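Dear colleague,

Here is the structure I promised to pass on, together with some notes on what came out of it. Please have it open while you read.

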Amino acid sequence: MVGITMNRYILIAYNSVYSSVYRPMYIWLQLFLVWVVSFSLLIPPVLGVWGQMGLDEMTFSCTILPDESGRSPKKVLFLVGFLIPCIVIIISYTCIYWTVRRQRMRLRNHAGLQSGGSNGNREREDSRLTTMMLTIFCCFLLCFLPLMLVNVFDNEVDYPAIHVLASVMCWASGVINPFIYAASNRNYRVAYKKLFRKLFFWSDYVSPMPSKSVPASRISKDASMQIQKDNNREADPSCVIDIEAKAKDAVIQL
């Protein structure tokens, strides 16, 4: 989530350098660093230097356990893993909101749009942007805050059921985020539709090869008749007006 937030912030606040920062090679490098840093934090307990990895029978999970000396980096990892992303998300989305708002006001003043309708549209857009950001942040808190709290304040696992519930909520973040982005951004919805069409073969593809049951002469004749009909429709002013009306309706719906 931090990587996505930084991506959105650079795209909006520093659009001129976005294409140079997010090249394919740099994107792969960023993904590699994310995985390396995440696994590097687990090296001390894996090696037994600071805590150890094992099965916690109380919560039915493989997690970080205290070592023979009673030391465990679990609290530190949860605090760092929650507080740093939380701070980054708050700062980034706040900057995004004010950057978008400032650019809209600058554009409105430059164009001289002082009508009530423009102000109403701007307020609706600002409200929509604010709602989306609050939804993302609240879902982040709802998913990760309980797990951080129970691991910091209930280190002895006196309430194992709460630990299990908090873990399930944390894992649910991977399911919730795609729905949030799809509901708040049209580009995500279009991308999902394209993906599902490829997965489930929902495309409206028509083979250019003629069917064996239909003679080629019949197809050629039907095609010529269709072209003639289209030419006649183009010459008809009423058809042109009808097409323009439908195009306007499509633009309004988009």
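**The pocket and its lining**

The residues that line the largest pocket divide into 33 nonpolar, 13 polar and two charged. Please keep in mind throughout that this is a predicted model. The volume of this largest pocket comes to about 1900 Å³, and of the 48 residues in its lining, those closest to the centre are Val34, Ser38, Leu41, Gly81 and Phe144. Two or more lining residues come from each of α1 (2-13), α3 (24-40), β1 (52-56), β2 (61-65), α5, α6, α7 (160-171) and α8. The most is given by α5, which supplies ten residues to the lining.

**The core**

Leaving aside residues up to four places away in sequence, Tyr93 touches Thr5, Met133, Ile136 and Tyr181.

Ser92 is found in helix α5, and it counts as buried because its relative accessibility is 6%, where the cut-off for buried is under 20%. Not counting residues up to four places away in sequence, Ser92 is in contact with Thr5, Met6 and Tyr9.

**Two residues with positive phi**

Phe60, in the loop between β1 and β2, has a phi near 60 degrees, which is a positive value in a residue other than glycine. Because its relative accessibility is 71%, Phe60 counts as exposed, the cut-off for exposed being over 50%. Val157, whose place is in the loop between α6 and α7, has a positive phi of about 55 degrees although it is not a glycine. Val157 is buried, however, with a relative accessible area of 11%.

With best wishes

Key. Residues numbered from 1 in each chain as written. Predicted model: local features only at pLDDT ≥ 70, side-chain atom pairs only at ≥ 80, totals over all residues. Heavy atoms only, no water. Contact = heavy atoms within 4.5 Å. Helix = DSSP H or I, 4+ residues; strand = E, 2+ residues; numbered from the N terminus. Buried < 20%, exposed > 50% of the residue type's maximum accessible area, 1.4 Å probe, protein only. 1 Å grid on protein atoms, 1.4 Å probe; cavity = no way out; pocket = protein on both sides within 12 Å on 5 of 7 lines; lining within 4 Å. Points joined across faces, edges and corners; volume = space filled by probe spheres on them. Nonpolar A, V, L, I, M, F, W, Y, C, P; charged D, E, K, R; others polar.
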